[in-house]
Structure formats: C-alpha cells, structure tokens
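Hi,

Here is the structure I said I'd pass on.

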Amino acid sequence: MPNRPNIPTRLETERLILRAPELSDTPFIYQAVKESVKELQPWMPWATDDYTLEACEENLRGAIAKYVTKEDFRMCFIDKETGRLIGNSGLHRTNWDIPRFEIGYWCRSSETGKGYVTEVARGLTKMCFEQLNAARVEIRCDDLNVKSAAVAERCGFTLEGILKNNERNPKGELCSTRIYALTRLEDLK
C-alpha cells in the first residue's frame, strides 16, 4: 500500500461538524434515512422502504472499517448548535496515485434547502487541497439529480462531461452520470 496521509477525523465549517462515523451514530443515521427515504430512493440504492436498523448498523460498521484502512472516508455532518445529525458525506473512490477524491453527500429531508450540503462540499474540497495535496476533486451525480448538480456548480466545479447510459439507477433503469471536477483550490467558490 502506498504511503497514505491520515484523513482528518474531524473538520469544522461555519455551522457544522464533520466527523468520522461512530457505531453510536446508528440510530441517528437510521432516523435520518427513514425520514428521507422517498427523496433518497431515486439516487441511493441502499435507501429502500425496508431499510432496517440492523442494515444501517452493518453498513456503518463497514464504513468505519474502510475509514481505518484508508479506503473510503464517510463522515457524519452535525449541526454545531443543536447536535442534530444533518446527513452524511465523505470522500469516495479515492485514487492515492493522483491523488484524487470524489465527494459524495446526502442530507435529511427536513434540512434541505439550507445550504448545508454546499457548506460540506466546500469544507471537504478545501481539506482535500490543503491537507491531502489533491490534484483533483470530483463530484459525480445522476444527470437527473439537479439538486446535487447545483451543489457542484455553486462550489465552482466544472462540468467536464456526461457519461451517457453508463450505470443503472436503483430502479434498474439506464442512467447517465455528470462528472464535475475542481483541480485548483483557487477555483472554489
């Protein structure tokens, strides 16, 4: 395994704390997913009507293990004032040889439209360039996911292309993927 820097386990933005997941987060993540399942279903294959607390815990155990082994870096984002879990984000599909990181995110339905995800994306992008020496940070989303695309655009990411019919969505239908990227911290808005 090439030398990989430590990913910070905690990051603060103006209103949020982003931190590595803990097993004790299970009930809070489960509650946020259950609240938001209808909005998440078109984009997230794990967001199903029969999503269980046990499935949430198993998934979280895997996320914690991948954080420790530096394979994937899921983070909870939490309101500083209330301590409420707002959603999950993180760095995914990391390529340490570049280094390249992909930011992913979801937000509980009752907290959308407040700029939290944009704040998270900006904070993670800044961390990637300043602390991890990133050469490239990406945000990928379904071509139909206009809310996710808007986050990338607000942050100054450039749409590099749309991969047509490159994946299947959670319903099994062909879908296309937008690829946004930022290659310099100076371009972050």
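One term before we start: I say that two residues touch, or are in contact, when they have heavy atoms within 4.5 Å. Keep in mind that this is a predicted model, where local features need pLDDT of at least 70 and side-chain atom pairs count only at pLDDT 80 or more, while totals for chains, interfaces and linings use all residues. Residues are numbered from 1 along each chain as its sequence is written, and side-chain values use heavy atoms, with hydrogens and water left out.

Let's begin with Glu111, which sits in the loop between E5 and H3. (Helices, H or I with at least four residues, and strands, E with at least two, are DSSP runs numbered from the N terminus.) Not counting residues up to four places away in sequence, Glu111 touches Arg84, Ile86 and Tyr116. The side chains of Glu111 and Arg84 are joined by a polar contact of 2.4 Å. (That term is for a pair of N or O atoms within 3.5 Å; within protein, one must be able to donate a hydrogen and the other to accept it, and residues adjacent in sequence count only if both atoms are side-chain atoms.) Is Glu111 buried or exposed? Its relative accessible area is 9%, so it counts as buried. (Buried means under 20% relative accessible area, exposed over 50%, and partly exposed in between, with a 1.4 Å probe and protein chains only.)

Now the overall fold. The protein chain has four helices and eight strands, and along the sequence they follow the pattern β-β-α-α-β-β-β-α-β-α-β-β. The eight strands make an open sheet with mixed pairing, in the order E1-E2-E3-E4-E5-E6-E8-E7. (Two strands pair if DSSP finds at least two bridges between them.) At the edges are E1 (10-12) and E7 (158-168), each of which pairs on one side only. E3 and E4 run antiparallel and are joined by six bridges; Ile78, for instance, has Leu85 in E4 as its bridge partner. H3 packs on the sheet, touching E1, E2, E3, E4, E5, E6 and E8, and its direction makes about 35 degrees with that of E4. H4 packs on the sheet too, touching E5, E6 and E8, with its direction at about 15 degrees to that of E8. (For these angles, axes are lines fitted to C-alpha atoms, for helices over the stretch in contact, and angles run from 0 to 180 degrees between N-to-C directions.)

What about the inside? The largest nonpolar core has 36 residues, of which Leu18, Phe77, Leu91, Leu124, Ile139 and Phe157 touch the most other members. (Such a core is a set of buried Ala, Val, Leu, Ile, Met, Phe, Trp, Tyr and Cys residues joined through side-chain atoms within 4.5 Å.) H3 gives the largest share of this core, eight residues. Apart from it lies another core of 14 residues, including Leu40, Met44, Leu60 and Cys76.

Finally, some backbone details. The peptide bond from Ile98 to Pro99 is cis, with omega near -15 degrees, and Pro99 is in the loop between E4 and E5. Lys70 is not a glycine, yet its phi is positive, near 60 degrees. Asn165, in strand E7, also has a positive phi, of about 45 degrees, although it is not a glycine.

Cheers
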